[in-house]
Protein chains: 2
Amino acid sequence: MTRVTQRDQQAVSQFVERFGAILSDTGMARMPARILAALLTTDSGKLTSAEIADLLQISPAAVSGAVRYLTQVRIVSREREPGSRRDVYRMRDDVWYEATFRKDQMLGMIDEVLSEGVTALGTHTDAGARLDETREFFRFCHGELGSMIERWKAHREKWIADRES
Amino acid sequence: MTRVTQRDQQAVSQFVERFGAILSDTGMARMPARILAALLTTDSGKLTSAEIADLLQISPAAVSGAVRYLTQVRIVSREREPGSRRDVYRMRDDVWYEATFRKDQMLGMIDEVLSEGVTALGTHTDAGARLDETREFFRFCHGELGSMIERWKAHREKWIADRES
DNA sequence: CGCTTGTTTCACAACTTCGTGAAGTCCGTA
DNA sequence: TACGGACTTCACGAAGTTGTGAAACAAGCG
């Protein structure tokens, strides 16, 4: 291993920690965030449990718990090469789509709760009107998010085409 | 106080708790979230420390800490009626704008960190290319968020006009 | 079959966060 | 300038989270 490679490894590791930290700042649990960051930095987008444990210096138990969460929310998929006992975790291509979709669901819940509030206060009160407008804001966001996904797909196509030229 | 009013109070209180809980699910600390929810349900959008403490059944110390946070992130403003020793906290009209703006800043930080990663890996590697695309996604979101604020302003005007007719 | 390797479950300990009570500070008022 | 009310600070205790080690479990392979 050359010195240059060592420096690179260090830089990559530092990126994994920083990006993991940012993701956990946005609400994702710490371990899943770090694992996702680690997967992002692999060429294949795949990593075994042991590799994850080694890379992030965590116990197999921690890996187990975190990947269970990540598979549940469809951020990674679990695979196993035939004839092997090792699980391999693959980052799904549509992670950001999934993440956006999940935020969108949250907006739906906010809408529900705000509707309760509007009912409780009535739109004839100032507070009720404020709640009504707040709800409209979140409904607006909901609509925006939906169309944003479409726009991203288009933007991505164009961007990739530009990059290759 | 009539029975109907009592029921309303209960419904409002329930809304405050539910909406506070949702806000804290999205990352905001519990107390600030509850206080914001409480302010939303007042006609004037204003509340004194004592009122907040009473409404949410929390100590003055908890109020103090939470409103300090809320004023720092510009969600509420502190006022004091001349000749009074009571602080009054007012919900700012542009809370949702501020919240969106703050998310936007987060996107900027993500961009920075991802750029480090792209540098560390180089765009000629598969991982580097993936990071590059990820960064492009967040940059796209950044742009979308910016224009979304404008669109919301326009949408709001129209919505208010419609509501009044 | 039993061994080996890899994963999962579970109870525990460390850490962090959160809200409180009590003491402290500030400031207008008499 | 002394009083009183209101806000803030601080240290503590409670509660919830998080990651670990150890043991149980599963599955290929000799």
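Two residues are taken to be in contact if their C-beta atoms, placed from the backbone, lie within 7 Å. The views below all show a predicted model, and the contact between its two protein chains is described on that basis.

**Figure 1. The contact between chain A and chain B.** By this criterion the contact takes 38 residues from chain B and 38 residues from chain A. On the side of chain B that touches chain A, helix H1 (3-25), helix H5 (95-121) and H6 of chain B each supply at least two residues, and H6(B) gives the most, with 13 residues. Sorted by class, this side of chain B has 21 nonpolar, nine polar and eight charged residues.

**Figure 2. The relation between the two protein copies.** The same surface serves both copies, since 100% of the contact residues of chain B recur in chain A.

**Figure 3. The fold and dimensions of chain A.** Chain A has six helices and three strands, which follow one another along the sequence in the pattern α-α-β-α-α-β-β-α-α. The C-alpha trace of chain A spans about 70 × 45 × 35 Å along its principal axes, and the radius of gyration of chain A is 21 Å, whereas a compact globule of 165 residues would have one near 15 Å. Buried residues make up 25% of the 165 residues in chain A. Among the contacts in chain A between residues at least 6 apart in sequence, 43% join residues at least 24 apart.

**Figure 4. The surface near DNA strand C.** Of the 18 residues around DNA strand C, those that come nearest are A:Ser49, A:Ala61, B:Ser59, B:Ala61 and B:Ala62. Both protein chains contribute to this surface, with helix H3 (49-56) and helix H4 (60-72) of chain A and helix H2 (30-40) and helix H4 (60-72) of chain B each supplying at least two residues. The largest share, three residues, comes from H4(A). In terms of class, the surface near DNA strand C has eight nonpolar, five polar and five charged residues.

**Figure 5. The surface near DNA strand D.** DNA strand D is surrounded by 19 residues, of which the closest are A:Ser59, A:Ala61, A:Ala62, B:Ala61 and B:Ser64. Here helix H2 (30-40) and H4 of chain A, together with helix H3 (49-56) and H4 of chain B, each supply at least two residues of the surface. H4(B) provides the largest share of the surface near DNA strand D, with four residues, and the residues of this surface divide into eight nonpolar, six polar and five charged.

**Figure 6. The arginine with positive phi in each chain.** Most residues other than glycine have a negative phi. A:Arg74 counts as partly exposed because its C-beta neighbours inside 10 Å number 15. In chain B, the phi of B:Arg74 is likewise positive, near 65°, and B:Arg74 lies in the loop between H4 and strand E2 (76-80) of chain B. B:Arg74 is also partly exposed, with 15 other C-beta atoms within 10 Å.

**Figure 7. The strand hairpin of chain B.** Five bridges join E2(B) to strand E3 (residues 87-91) of chain B, and the two strands run antiparallel. One of the pairings in view is that of B:Val76, whose bridge partner in E3(B) is B:Met91. Six residues lie between the strands of this hairpin of E2(B) and E3(B), in which B:Gly83 takes a positive phi near 80°.

**Figure 8. The surroundings of B:Ala129.** B:Ala129 lies in helix H6 (residues 126-164) of chain B. Although B:Ala129 and B:Val118 are 11 residues apart in sequence, their C-alpha atoms are 7.6 Å apart in space. B:Ala129 has 17 C-beta neighbours inside 10 Å and therefore counts as partly exposed, a class that falls between exposed, at 12 or fewer such neighbours, and buried, at 20 or more.

Terms used:
Residues are numbered from 1 along each chain as its sequence is written. Chains are lettered from A and ligands numbered from 1 in the order in which they are written. This is a predicted model: local features need pLDDT of at least 70, side-chain atom pairs count only at pLDDT 80 or more; totals for chains, interfaces and linings use all residues. The radius of gyration is taken over C-alpha atoms; the globule rule is 2.2 Å times the number of residues to the power 0.38. A residue is near a molecule or strand if its C-beta atom, placed from the backbone, lies within 6 Å of it. Ala, Val, Leu, Ile, Met, Phe, Trp, Tyr, Cys and Pro count as nonpolar, Asp, Glu, Lys and Arg as charged, and the others, Gly among them, as polar. Two strands pair if DSSP finds at least two bridges between them.
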